[in-house]
Amino acid sequence: MSIVIRKGPISARIDVRVTVAVAALAALTVMLAGVALCRGASWDTPGEMLTGLVGGDGSLVVQQWRLPRVIAGIVFGAVLGLAGAIFQGLTRNPLGSPDVIGLDAGAYTGALVAITVLSATSTQLAALSVLGGLVAALVIYVLSLKSGFSGLRLIVIGIAVNAMLTALNSWIVLLADRDIAIAATFWSAGSLNGVGWDDLQVPLVVLAAMTVAIMCLWRATAQATLGDELAITSGVGLARLRLLLVIVGVGFTATVTAVAGPIVFIALAAPQIGRRLTGSPGVALVPAAASGAFLLLLADLVAQVLPAAKSLPVGVITTAVGGAYLLWLLFREVGRP
């Protein structure tokens, strides 16, 4: 059901189900953020957390240690959801996620080269992560030219490229110095542990700019999901649009990878969860972002509260859940006529 709001010559159509679903996800995410801000060496009460949040006692712990991690969980989850929506929309397949078709692995390869060869700065790390993801996307596209940027053929090729890149990444780590290899191995799990404001300043600006870019492309993207012929007749330049979408999607995943390492499952599941909650016929961007923020923040909180010698990387949780989800998707897709 939709509601049309008119104000003079301006009118807007609001889908009630989409609005309610996104609002519910946002409210749950805010609640989770409050719980995560209370989580430390010991649990703070909500009153103690709020006091620290506004600059009172405990402000160092809440504002400088916990808040950056919570912000990273929300923002990184949202942009991973957007990246998943972009590539699932391009491939028209729920398996067309950057962590399945090798784009995350390509970004990680670029980051590993930056770490092991260049002893890179954060800027070099981000740049080579993006470059690695774009090279992986180019290789997958060239190998799947017969089917274009869609279809099960691209997914299978992407899975194969992902496997080869994973082997290459392991080889790079084995050749690296011991200390660098240990750090790279821990980082490869995907973790928000130790993320601070210094780590987020540049990535947040970059991700905000790319989010604005994808929102500007939203109308053309929605038309493209209706089919190539209809999109062309409505004036959409498909080749240019797909190139821009690939660049933005890789930029999202590579920027997250440069800060937190490769975090799987979020980009795979968030768009599908958002689509089912809203009943959207295609992959919607805003529900995907809201679902991604909720999923990553929830996974990070679970990683913190599970009994272990130290706080687990969030990637351990997302990998465990994502593996089962991926198997279910594979069986469903392969079983289709």
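Student: Among contacts between residues at least 6 apart in sequence, what percentage joins residues at least 24 apart?

Tutor: The model is a predicted one, in which local features need pLDDT of at least 70 and side-chain atom pairs count only at pLDDT 80 or more, while totals for chains, interfaces and linings use all residues. Residues are numbered from 1 along each chain as its sequence is written, and side-chain values use heavy atoms, with hydrogens and water left out. A contact means heavy atoms within 4.5 Å. Among contacts in the protein chain between residues at least 6 apart in sequence, those joining residues at least 24 apart make up 72%.

Student: How many helices and strands does the protein chain have, and what percentage of its residues is buried?

Tutor: Helices (H or I, at least four residues) and strands (E, at least two) are DSSP runs numbered from the N terminus; the chain has 14 helices and two strands. Buried means under 20% relative accessible area, exposed over 50%, and partly exposed in between, with a 1.4 Å probe and protein chains only. Of the 337 residues in the protein chain, the buried share is 46%.

Student: Which residues of the largest nonpolar core touch the most other members, and which helix gives the largest share?

Tutor: A nonpolar core is a set of buried Ala, Val, Leu, Ile, Met, Phe, Trp, Tyr and Cys residues joined through side-chain atoms within 4.5 Å. The largest one has 57 residues, and Phe76, Leu103, Phe252 and Ile263 touch the most other members. The largest share of this core, 11 residues, comes from residues 59-91, helix α3.

Student: Which residues are included in the second, separate core?

Tutor: This second core is separate and has 15 residues. Included in it are Val22, Leu25, Val70 and Leu297.

Student: Is isoleucine 263 buried or exposed, and how far in space is it from glycine 190?

Tutor: Isoleucine 263 lies in the loop between α11 (238-260) and α12 (266-278). Its relative accessible area is 3%, so isoleucine 263 is buried. Leaving aside neighbours within four places in sequence, it is in contact with Leu80, Asp104, Gly190, Val256, Leu296, Val314 and Thr318. Isoleucine 263 and glycine 190 are 73 residues apart in sequence, and their C-alpha to C-alpha distance in space is 4.9 Å.

Student: Why are α3 and α13 described as oblique to each other?

Tutor: Axes are lines fitted to C-alpha atoms, for helices over the stretch in contact, and angles run from 0 to 180 degrees between N-to-C directions. Angles under 35 degrees count as roughly parallel, over 145 as roughly antiparallel, 65 to 115 as roughly perpendicular and the rest as oblique. The axes of α3 and helix α13 (residues 285-305) come within 6 Å and cross at roughly 135 degrees. The two helices are therefore oblique.

Student: Which classes of residue form the contact of α3 with α13, and how many belong to each?

Tutor: Among the residues that meet are Val70, Ile74 and Phe76 in α3, and Ala293, Leu296 and Leu297 in α13. Ala, Val, Leu, Ile, Met, Phe, Trp, Tyr, Cys and Pro count as nonpolar, Asp, Glu, Lys and Arg as charged, and the others, Gly among them, as polar. By class, the contact has 13 nonpolar, five polar and two charged residues.

Student: Which residues does threonine 29 touch?

Tutor: Threonine 29 is found in helix α1 (residues 16-38). With a relative accessible area of 7%, threonine 29 is buried. Not counting residues up to four places away in sequence, it touches Ile74, Ala290, Ala293, Phe294 and Leu297.

Student: What is the orientation of α4 and α7 to each other?

Tutor: The axes of helix α4 (residues 103-116) and helix α7 (residues 178-188) come within 11 Å and cross at roughly 155 degrees. The contact involves Tyr108, Ala111, Leu112, Ile115 and Thr116 of α4 with Ile180, Ala184, Trp187 and Ser188 of α7. These residues divide into seven nonpolar, two polar and no charged. The helices are therefore roughly antiparallel.
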